[in-house]
Amino acid sequence: MVPEEKPDGPGTGEESARLQAAGSIRKSCDLLADSQDSHLQSRRTRIHQQINKELRMRTGAENLYRATSNAQVRETVALELSYVNSSLQLLKEELEGLDGSMDADQPESEGVTVPMIPLGLKETKQLDWATPLKELISGHFGEDGTSYEAEIRELEELRQQAVRTPSRSEAGLELLMAYYNQLCFLEARFVTPARSLGLLFHWYDSLTGVPAQQQALAFEKGSVLFNIGALHTQLGARQDRSCPRGTSRAVKAFQRAAGAFGLLRENFSHAPSPDMSPTSLSMLEQLMTAQAQECVFEGLSLQAPTDPYDCLAQLHLAQEAAQQVAAEYRLVHQTMAQPPVQDYVPFPWTTLVHVKAEYFRALAHYHAALALCDGPLVAEAELPAVEQVFLGLSASSAPRGPALPQEREESRKLGKAHLKRAILGQEEALRLHAVCRALRRVDLLQAVLAQALRRSLAKYSELDLEDDFFETTEAPDIQPKTHQRPKARAPSFSRVKVADIFHRLGPLSVFSAKNRWRLVGPIHVARGEGGFGFTLRGDSPVLIAAVVPGGQAEAAGLKEGDYIVSVNGQPCRWWKHAEVVAQLKGMGDEGVSLQVVTLLPSVEPPGLGARRPGLGALLRSQKECGRETPGPARASPRPLLGWSCKAKRGKTGRRLSPAPQP
């Protein structure tokens, strides 16, 4: 029986069409993904080309700036460097945004929030550590400098990753802090008041782009610390502040930034670049504190009461907006408007701060109007709290000034007066926003200001009655009060553990440029009836505490105060006391061969001690700052930075400084 051939039905054709459509969709999706990748790659290429162009322009302007002595030409070139510096920062931030566009850890903000002010990182030039470090290791430490090429290369790579090509992320922040800790090791081992490393450190000003250079390692440390604070500002500005977690992280980031700038301000004066001057650092510290307080207010706004007519909750928001947000931004604006800060702070910064001061003051009146118009009449139990908002009275003080409205109509009129002030303030903020050309391109800021104004106008239209001909109520100022005042927090260097790259040179307590020593030995010491004739003390390195008169050690030439650095040819600079004792006990009658180091008296240049102030060990100790050494013996900590430090009168101690080894 031959089966009957069935003709193709409509279902077969539909299935074939669906398969073809699915295949075409997959092809189109692949083409779309490829086109997106190629588009991102072309944008990266274009940005790199623009960065290279700006770098060439900066090099030419920098050469002209250094070559000319004409004040007018230098001023023009400095202005051009400022433009180039701003362009470079924007291009690098755009490139960083492209590289992190697929990062799932950076969620996009769903809410409309006021933009923050991040600070650009200071840029630097390539640095050759090899030549001066090899010369110093060979000349002062008496070792082959070429044998430390691996350590020098590790230091150069760390600097390249930390400050030359930094990542705008937590990983980049840890690299900066690790490099800073290594600079503390370098300063303790290789730098003395009489001698620097001989390197010229080049850094560009973050605000103006003008180059600055110094031979002091303190300039390098200060610039790195500045970048730590600047990177904290960028991390804080990138947080999603439409959720409580994002606002909390932003508050911490701006607190860390304020702490870093405060640390610099408290320990420096006469900095070589404007962005690290005391006035600039004070302004930056105030700005970051204000931005942290703004994030606190946003966090409180997210915790909105379930009852929108909660009078006290609205009044608390009014106080928070009036204090440490509007008030803080007014102080920052006053600082920015004063010379010399006004000469190099970007005009959009000053305008944005002024806009925020007006915006948050208007927002305080808006929340006060909601409390008076929508909320119930003030109960007698809540009267002291409300009087603190409008009259500035404490709970225990006697009432002074006009009584608060107890009637619904009077309360509505007072709320309407606050709405008027809110509308006037928001209109002023929009006017200031329109004045600055750079801010006009910030669509998000304009959206926030326009949304606030529309909200206030809508509320005012609800309250506006035709028979309000005799409204004479004047809205009082909102008395400021904050429920959480963020404080500046110094960077936590202790959480980044690093080991001394040049630990092979020996413990810092002995083997540093501050000390001079003579290597003695090998010395053969025979074992006598009472042993070797000396006693030991300490760790890393072990010290000869006493030499028995007439004993074997005295006959061999050992002296009290010598440090044992080798036992039978084995280096023991990092050995513990027990290890050296165990090694000596294992020796037979043939004795032991020791190599020791004898410290020589240090000679301080005349008058140096009187000029060197003591800063009080800002980093406290290597252990507290997260720096690890292979042994417990550590050198006394140096100040945070050593150039132009503020001296405390009557406390400048004179400390012996070593002279170079002949």
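Glu298 is buried, with a relative accessible area of 11%, in what is a predicted model.

- Glu298 belongs to helix 8, which spans residues 278–302, and it counts as buried because its relative accessible area of 11% falls under the 20% cut-off.
- Leaving aside residues up to four places away in sequence, Glu298 touches Thr113, Val114, Arg241 and Thr247.
- The C-alpha atom of Glu298 is separated by 9.1 Å from that of Cys243, although the two residues are 55 residues apart along the chain.

**Helix 15**

- Helix 15 runs over residues 443–463, and its 21 residues reach 31 Å from the first C-alpha to the last, close to the 30 Å expected at 1.5 Å a residue.
- Its buried residues are Leu445, Val448, Leu449, Ala452, Leu453, Ser456, Lys459, Tyr460 and Leu463; they cover an arc of only 125 degrees around the axis, and therefore lie on the same side of helix 15.
- The buried residues of helix 15 pack against helix 11 (347–373), helix 13 (408–435) and helix 14 (437–440), whereas Asp443, Arg454 and Glu462 are exposed on the other side of helix 15.

**Helix 3 against helix 4**

- Helix 3 (residues 130–139) packs with helix 4 (residues 149–164) at an angle of about 145 degrees, their axes being 11 Å apart, and the crossing is right-handed.
- In this contact Ala130, Leu133 and Lys134 of helix 3 meet Glu149, Ile152, Leu155 and Glu156 of helix 4, a set that divides into four nonpolar, no polar and three charged residues.

How values were computed. Residues numbered from 1 in each chain as written. Predicted model: local features only at pLDDT ≥ 70, side-chain atom pairs only at ≥ 80, totals over all residues. Heavy atoms only, no water. Axes fitted to C-alpha atoms, helices over the stretch in contact; angles between N-to-C directions. Helix = DSSP H or I, 4+ residues; strand = E, 2+ residues; numbered from the N terminus. Left-handed = near helix turned anticlockwise from the far one by under 90°. Contact = heavy atoms within 4.5 Å. Nonpolar A, V, L, I, M, F, W, Y, C, P; charged D, E, K, R; others polar. Expected span 1.5 Å × (residues − 1). Buried < 20%, exposed > 50% of the residue type's maximum accessible area, 1.4 Å probe, protein only. Arc of directions from axis to C-beta.
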